[in-house]
Amino acid sequence: MPASPVHPHLAENRARFGHRLAALRLDREWTQEQLAEASGFDRKTINRIENGRHSPSLDRVFVLADALGVAPLELFRWPDS
C-alpha cells in the first residue's frame, strides 16, 4: 500500500526542521554519525530527519536537543521566523 501524500505545509516544516537540525549539528562540527551516537539514533535516521523524509516524535525532539545541548525550542528557530 503506498504511503499517503504529505500536505505541502507539513513537508515544508519537516524540511525546515531538518535544515535547523543540520545547522546546529554543523555548528558543533559534528558528523551525522556523531549526532547519531550522542542521541542514540542511527545515522540513517539522522539523515532522514535532516532531509525532511522523517518526522521525529516529540520524545525524539527532546533527545536530539539534549544531544546538541540546546533547548528543544532551538530546533524550531528557523532563520525566517
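Reader: Quick one to start: how far apart are R16 and E12 in helix 1?
Author: They're 4 residues apart, which means about one helical turn separates them. Helices here are DSSP runs of H or I with at least four residues (strands would be E runs of at least two), numbered from the N terminus.

Reader: And what do the side chains of R16 and E12 do?
Author: They meet in a salt bridge, 3.9 Å from N to O. The rule is a side-chain nitrogen of Lys or Arg within 4 Å of a carboxyl oxygen of Asp or Glu.

Reader: Before I get carried away, what kind of model is this?
Author: It's a predicted model, where local features need pLDDT of at least 70 and side-chain atom pairs count only at pLDDT 80 or more, while totals for chains, interfaces and linings use all residues. Residues are numbered from 1 along each chain as its sequence is written, and side-chain values use heavy atoms, with hydrogens and water left out.

Reader: How many salt bridges does the count come to?
Author: The count is 4 salt bridges. One of them joins E74 and R20, with the closest N and O atoms 3.1 Å apart. E74 lies in the segment after helix 4 and R20 in helix 1, so this pair ties together parts 54 residues apart in sequence. R20 is buried at 17% relative accessible area, whereas E74 is partly exposed at 24%.

Reader: Which residues are linked with R20 and E74 in a network?
Author: R77 joins R20 and E74 in a network of salt bridges.

Reader: What about R25, which residue does its side chain meet in a salt bridge?
Author: That's E50, at 2.7 Å from N to O. The pair links distant parts of the chain, with R25 in helix 1 and E50 in helix 3, 25 residues apart.

Reader: Buried or exposed, that E50?
Author: E50 is buried at 7% relative accessible area, and R25 counts as buried too, at 8%.

Reader: OK, what else sits around E50?
Author: Skipping neighbours within four places in sequence, E50 is in contact with G18, H19, L21, A22, R25, Q32 and L35. Contact here is heavy atoms within 4.5 Å. As for A22, its C-alpha atom is 5.9 Å from that of E50, although the two are 28 residues apart along the chain.

Reader: And what does R25 touch?
Author: Not counting residues up to four places away in sequence, R25 touches W30, T31, Q32, L35, E50 and L68.

Reader: Switching to helix 4: which residues are buried there?
Author: In helix 4 (residues 58–68), V61, L64, A65, A67 and L68 are buried. Down the helix axis they fall within an arc of 160°, so they line one face of the helix; the arc is taken over directions from the axis to the C-beta atoms. D59 and D66 are exposed on the other side of helix 4.

Reader: What do the buried ones pack against?
Author: Helix 1 (8–27), helix 2 (32–39) and helix 3.

Reader: Which residues in the largest nonpolar core touch the most other members?
Author: Of its 16 residues, those are F17, L21, L35, I46, L64, L68 and L75. Helix 4 gives the most to this core, with 5 residues. A nonpolar core is a set of buried Ala, Val, Leu, Ile, Met, Phe, Trp, Tyr and Cys residues joined through side-chain atoms within 4.5 Å.

Reader: What's L75 in contact with?
Author: Leaving aside neighbours within four places in sequence, L75 is in contact with F17, R20, L21, L24, V61, L64, A65 and L68.

Reader: Last one: what follows helix 1?
Author: E29, whose phi is positive, near 60°. Helix 4 is followed by G69, with a positive phi near 75°.

Methods. Buried means under 20% relative accessible area, exposed over 50%, partly exposed in between (1.4 Å probe, protein chains only).
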